[in-house]
Amino acid sequence: MSSKVPTVRQTNWISIVPHLLIMGTIIFIWHQINPENAFLYGAITYLLISMSLRRLIPKDHRNGIKKNNSENFEEAILDFKKSYAYFKKHEWIDKYRFVTLLSSSQMSYREMALLNIAFCHSQIGNGEKAKVYYEKVLQEFPDSRLAKSALRMLHAMENKAE
């Protein structure tokens, strides 16, 4: 047995399998209804469900991203906090997002929300709050490379300022 860490290529393949199973199930259902166009209808159904789920469920996260991109960081923080609260309350949605959102991202919405809150605080000059949120990320997600890197950068800037 090998304890080798999966490569990016292996990880991507593993994350695609549930999507293929879901799409296959939808195509199978369509095959029972309309065998001639089952593949086309199944693919369209999968696409519509996927787009709908990703638009409806993480809407606060998407709004936060839009506000962040337009440099409206204080309002973005509010949206990311709502997103974090939603996915904290409904952890199963995030945990099984390959089914609930038809998304295979490795990073959870909760981790993304905390990272984005920290980033927004750093952009408005509130380094102490940014550190608090990056540390909260590491409490909940100890392997977060982004949080570790951001904290190292903040500490380096503090040391340089002294």
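**Close-up views of an all-helix listing**

**View 1. The whole chain and its surface.** The accessible surface of the chain comes to about 10,800 Å², and carbon and sulfur atoms hold 61% of it. The model is predicted. Its secondary structure amounts to 9 helices and 0 strands. Of the 162 residues, 34% count as buried. Take the contacts between residues at least 6 apart in sequence: 47% of them join residues at least 24 apart.

**View 2. The largest nonpolar core.** This core has 20 residues. L114, C120, Y134 and V137 have the most contacts inside it. Helices α4 (73-89), α7 (109-123), α8 (127-140) and α9 (145-161) each give two or more residues to the core. The largest share, 6 residues, comes from α7. In soluble globular proteins, nonpolar side chains tend to be buried together.

**View 3. The surroundings of L114.** Neighbours within four places in sequence are left aside here. L114 then touches Y84, Y133, K136, V137, E140 and F141. Of these, V137 is also among the residues with the most contacts inside the core.

View 4. The whole structure holds 4 aromatic pairs. In one of them, the ring centres of Y86 and F87 lie 5.1 Å apart with planes at 90°, so the pair is edge-to-face. Y86 is partly exposed, at 28% relative accessible area. F87 is buried, at 0%. F87 also pairs with Y109: the centres are 4.7 Å apart and the planes at 10°, so this pair is stacked. F87 lies in α4 and Y109 in α7, so the pair ties together parts 22 residues apart in sequence. Both F87 and Y109 are buried. Ring pairs link Y86, F87 and Y109 into a cluster.

Terms used:
Residues numbered from 1 in each chain as written. Predicted model: local features only at pLDDT ≥ 70, side-chain atom pairs only at ≥ 80, totals over all residues. Heavy atoms only, no water. Helix = DSSP H or I, 4+ residues; strand = E, 2+ residues; numbered from the N terminus. Buried < 20%, exposed > 50% of the residue type's maximum accessible area, 1.4 Å probe, protein only. Contact = heavy atoms within 4.5 Å. Areas by Shrake-Rupley, 256 points an atom, 1.4 Å probe, with all protein chains shown as cover. Core = buried A, V, L, I, M, F, W, Y, C linked by side-chain atoms within 4.5 Å. Phe/Tyr/Trp six-rings, centres within 6.5 Å; stacked < 30°, edge-to-face > 60°.
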